[in-house]
Amino acid sequence: SRSPDLAADMIRLAGQRMRAMNRQITEQALLPLGARLARKLIYLAADESGDGILLPMSQANLAEFVGGSREQVSKTLNEWKRAGILEVTRMGIRVRDPAALASMAHSHVI
């Protein structure tokens, strides 16, 4: 009651977090793994230089992010690697064709 601006900011933040969690749960329930993986990679690799950011993460960590198994993620990443969409190395993952990834990310609308 002494800081109404702070209270309003906290309520706004709680609402934003609830919407983000709802979106994440909805995506995991309704989107196929490829679309979830593409969306997460786009989010993580956002880069204005156009060369793509090296994401130093394991496939197991990425699988946890998207609610899939490491094997499923590995298979999908290898398919995208063969298609030239991304580069997968021991150091991490680099998006090479953001437009193709965006197309896969948004091919399934919730």
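The conversation below takes up the labels one by one.

Modeller: This is a predicted model, in which local features need pLDDT of at least 70 and side-chain atom pairs count only at pLDDT 80 or more, while totals for chains, interfaces and linings use all residues. Residues are numbered from 1 along each chain as its sequence is written, and side-chain values use heavy atoms, with hydrogens and water left out.

Biologist: Why is Asp97 called partly exposed?

Modeller: Its relative accessible area is 30%, and because buried means under 20% and exposed over 50%, with partly exposed in between (1.4 Å probe, protein chains only), Asp97 is partly exposed. Asp97 lies in the loop between β3 and α5, where helices (H or I, at least four residues) and strands (E, at least two) are DSSP runs numbered from the N terminus.

Biologist: What does Asp97 touch, not counting residues up to four places away in sequence?

Modeller: Asp97 touches Gly84 and Ile85, a contact being heavy atoms within 4.5 Å. The C-alpha atoms of Asp97 and Leu86 are separated by 6.5 Å, although these residues are 11 apart along the chain.

Biologist: What makes α3 roughly perpendicular to α4?

Modeller: The two helices pack at an angle of about 105°, with axes 8 Å apart. Axes are lines fitted to C-alpha atoms, for helices over the stretch in contact, and angles run from 0 to 180 degrees between N-to-C directions. Angles under 35 degrees count as roughly parallel, over 145 as roughly antiparallel, 65 to 115 as roughly perpendicular and the rest as oblique, so α3 is roughly perpendicular to α4. Among the residues making the contact are Leu62 and Val66 of α3 and Val73 and Leu77 of α4.

Biologist: Which word describes how α2 lies to α4?

Modeller: Their axes come within 11 Å and cross at roughly 70°, and that makes α2 roughly perpendicular to α4 as well. Residues of α2 including Leu37 and Leu41 meet residues of α4 including Val73 and Trp80.

Biologist: Which residues touch the most other members of the largest nonpolar core?

Modeller: A nonpolar core is a set of buried Ala, Val, Leu, Ile, Met, Phe, Trp, Tyr and Cys residues joined through side-chain atoms within 4.5 Å. Of the 20 residues in the largest one, Leu37, Leu41, Leu62, Val73, Leu77 and Trp80 touch the most other members. The helix α2 gives the most to this core, with four residues.

Biologist: How do you know that the charged end of Lys40 sits over the ring of Phe65?

Modeller: A charge sits over a ring if NZ of Lys or CZ of Arg is within 6 Å of the ring centre and within 35 degrees of the ring normal, and the charged end of Lys40 is 5.3 Å from the centre of the Phe65 ring and sits over it.
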